[in-house]
Amino acid sequence: MSPLKVLMSGLFIFTHAVACKAQPHNLADQSQQAAIKVITSGNLSAVMEVKAPAIEAWDIFGTLKLIDVVVPSIFKEIKVLKGDGGVGNILDLVFNPGAPFSSYEERIHKVDERKMSKEIDVYRGGFLEVGFNMFRIRWDVEPKSKTSCITKVTLEFDVKEDSVANISYVSMQPFIGMMKAVANYLAKNQRSLRHSPNI
């Protein structure tokens with residue numbers, strides 16, 4: 001498997017104020033201070049090559065089969081509160097000890113079967129309880145060859161300015177772990193198929 005490539009963009013916090021003193025013309029002792037600019041929204045993404053056809057990877061990322069693959073290695077438990085894996089589906093994710101949150105609920109916002117893309121929003125708890133206006137996860141699967149594909153996860157977020165320090169809660173690790181779990185699952189299944197006797 002090719003090495004994991006993590007791409008990060010949009011996560012910039014400028015917290016240093018620049019003070020400028022000016023004495024234009026006859027206005028002595030007048031000072032101006034540059035405003036602090038805090039960027040409170042951004043995105044992070046990670047990609048991974050998977051040694052399996054894209055349709056097989058999408059069959060996991062695009063459905064509730066993902067639950068069986070990532071529990072209990074990544075999550076302690078995932079409960080389906082509503083739906084069968086389509087738009088509007090609500091899941092309750094319970095994290096293993098050490099995670100920033102004990103749990104939160106997420107809702108499937110959009111599914112594009114043709115593009116093999118799915119968007120999920122945090123619906124209740126978690127990031128929304130620590131000042132985030134929005135936290136979205138997007139999964140994409142792109143064909144690379146007949147026997148391999150690229151899986152990609154993108155995190156999009158927006159946080160209130162007075163809670164900008166809580167951007168530190170944003171971590172790619174659980175999602176990278178999910179991609180690795182899927183890649184390992186598919187690799188194992190591919191090996192099983194290759195070594196199965198012909199009937």
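1. Start with the aromatic residues: F75, F95, F101, Y104, F127, F132, F135, F157 and Y169 all belong to one aromatic cluster. Two rings of Phe, Tyr or Trp (for Trp, the six-membered ring) are called a pair here if their centres lie within 6.5 Å; planes under 30 degrees apart make the pair stacked, over 60 edge-to-face, and the rest tilted. By that count, the structure has twelve aromatic pairs.

2. Before going on, a word on what you are looking at. This is a predicted model, in which local features need pLDDT of at least 70 and side-chain atom pairs count only at pLDDT 80 or more, while totals for chains, interfaces and linings use all residues. Residues are numbered from 1 along each chain as its sequence is written, and side-chain values use heavy atoms, with hydrogens and water left out.

3. How confident is the predictor? The pLDDT is its confidence in each residue, on a scale from 0 to 100. The chain has a mean pLDDT of 83, with 77% of its residues at 70 or more. Over residues 1–30, though, the pLDDT is below 50, and this stretch still has 55 contacts in the model beyond near neighbours in sequence; a contact means heavy atoms within 4.5 Å. Where pLDDT is low, the predicted coordinates should not be read in detail.

4. F75 and F95 form a tilted pair, 5.1 Å centre to centre with 55° between the planes. This pair links distant parts of the chain, since F75 is in strand β5 (residues 75–82) and F95 in strand β6, 20 residues apart. Strands are DSSP runs (E, at least two residues), as are helices (H or I, at least four), and they are numbered from the N terminus. F75 is buried at 2% relative accessible area, and F95 is buried at 12%. Buried means under 20% relative accessible area, exposed means over 50%, and partly exposed is in between (1.4 Å probe, protein chains only).

5. Next, the strands. β6 and β7 (residues 103–112) pair in the antiparallel sense over five bridges, and V94 has S103 in β7 as its bridge partner. Two strands are said to pair if DSSP finds at least two bridges between them. β7 also runs antiparallel to β8 (residues 117–125), with eight bridges joining them; one example is E105, whose bridge partner in β8 is R124. β7 and β8 form a hairpin with four residues between them, and in the turn M116 has a positive phi of about 55°.

6. Is D92 buried or exposed? D92, in strand β6 (residues 90–95), is buried yet has no salt bridge, and the nearest side chain of opposite charge, K79, is 4.2 Å away. A salt bridge needs a side-chain nitrogen of Lys or Arg within 4 Å of a carboxyl oxygen of Asp or Glu. For charge, Lys and Arg count as positive and Asp and Glu as negative, while His and the chain ends are not counted. Setting aside residues up to four places away in sequence, D92 touches E77, I78, K79, L81, S103, Y104 and E105.

7. How many salt bridges are there? The count is eight. In one of them, D121 and R136 have their closest N and O atoms 2.5 Å apart. This pair links distant parts of the chain: D121 is in strand β8 and R136 in strand β9 (residues 132–145), 15 residues apart. D121 is buried at 16% relative accessible area, and R136 is buried at 18%. Salt bridges that share partners also join E49, K51 and K144 into one network. Within it, the closest N and O atoms of K51 and E49 are 3.1 Å apart; K51 is partly exposed at 45%, whereas E49 is buried at 7%.

8. Last, check F61 in helix α1 (residues 54–61). F61 is buried, with a relative accessible area of 0%. Apart from neighbours within four places in sequence, its contacts are L66, K118, W139, V141, T151, M179 and V182. F61 and D140 are 79 residues apart in sequence, yet 8.3 Å apart in space, C-alpha to C-alpha.

Key: pLDDT is the predictor's confidence in each residue, from 0 to 100.
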